[in-house]
Amino acid sequence: MTQTASDLSPSAQGAIAEALNQCVAETAVSTMLAQNFHWNVTGMAFGPLHALFQEIYEDHFVAQDDLAERIKALDAHAEGMLAGMLKRSKVTEHDGKTDDKTMIKAMQVAQETLAATLAAAGELAAEHGDTLTEDLCIARGQTHEKFAWMLRSHLT
């Protein structure tokens, strides 16, 4: 049975919000990773990579807000502290002192991690009949898989 956020049980709201906070954390860390690489990329592919990393961090900045607002619609607390996000995230930081291929690979892994985390959050939402959160997770997951494909294409 499809339910809106207010129709969900408090335990369902909490479980889904927790999964979404994981998504927010990984999106936030990936946002900064992309911005760091945008600032520090060098080499023959500087132009296209500079632009791609910017496209990624701009997309992710908006996504953080969409995910956090869904958490609030579920009547839960959206994690807003960077320390908490870093602790929670499966995406890791990078100092940006590396070559372009390492940056591309690190960003590809981040995108694949985000896609998997969003897929799991979407499945959880579906189990509870929360099709609106499921839809958000599917759309975001598709975006991250597209970015992963674009990044992989630079390495082949």
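**Figure 1. Helix 1 and helix 2 pack against each other in this predicted model.** The axes of helix 1 and helix 2 come within 8 Å of each other, and they cross at roughly 160°. Because an angle over 145 degrees counts as roughly antiparallel, helix 1 is described as roughly antiparallel to helix 2. The crossing of these two helices, helix 1 and helix 2, is left-handed. When the residues of the contact of helix 1 with helix 2 are sorted by kind, 15 are nonpolar, 10 are polar and one is charged.

**Figure 2. Helix 4 and helix 5 form another packed pair.** Two packed helices are described by the angle between their axes and by the distance between those axes. For helix 4, which covers residues 100–127, and helix 5, which covers residues 131–155, the angle is about 160° and the axes lie 8 Å apart. Helix 4 and helix 5 are therefore roughly antiparallel to each other, and helix 4 passes helix 5 in a left-handed crossing. The contact of helix 4 with helix 5 is made up of 13 nonpolar residues, seven polar residues and seven charged residues.

**Figure 3. The largest pocket of the model is lined by residues from several helices.** The space in the largest pocket comes to about 320 Å³. Its lining consists of 15 residues, and those closest to the centre of the pocket are Ala 28, Val 29, Thr 31, Met 32 and Leu 82. Which helices supply at least two residues each to the lining of the largest pocket? They are helix 1 (10–40), helix 2 (46–73) and helix 3 (82–88), and helix 1 gives the most to this lining, with seven residues. Sorted by kind, the lining of the largest pocket has nine nonpolar residues, five polar residues and one charged residue.

Figure 4. Read from the N terminus on, the elements of the protein follow the order α-α-α-α-α. Taken along the principal axes, the box filled by the C-alpha atoms of the protein is roughly 55 × 30 × 20 Å. A compact globule with 156 residues would have a radius of gyration near 15 Å, and the protein, with a radius of gyration of 16 Å, agrees with that expectation.

Technical notes
Residues are numbered from 1 along each chain as its sequence is written. This is a predicted model: local features need pLDDT of at least 70, side-chain atom pairs count only at pLDDT 80 or more; totals for chains, interfaces and linings use all residues. Side-chain values use heavy atoms; hydrogens and water are left out. On a 1 Å grid over the protein atoms alone, a cavity is a set of points where a 1.4 Å probe fits but cannot get out, and a pocket is an open set with protein on both sides within 12 Å along at least five of seven lines; lining residues have an atom within 4 Å of a point. Grid points are joined across faces, edges and corners, and a volume is the space filled by probe spheres set on the points. Helices (H or I, at least four residues) and strands (E, at least two) are DSSP runs, numbered from the N terminus. Ala, Val, Leu, Ile, Met, Phe, Trp, Tyr, Cys and Pro count as nonpolar, Asp, Glu, Lys and Arg as charged, and the others, Gly among them, as polar. Axes are lines fitted to C-alpha atoms, for helices over the stretch in contact, and angles run from 0 to 180 degrees between N-to-C directions. Angles under 35 degrees count as roughly parallel, over 145 as roughly antiparallel, 65 to 115 as roughly perpendicular and the rest as oblique. A crossing is left-handed if the near helix is turned anticlockwise from the far one by less than a right angle, and right-handed if clockwise. The radius of gyration is taken over C-alpha atoms; the globule rule is 2.2 Å times the number of residues to the power 0.38.
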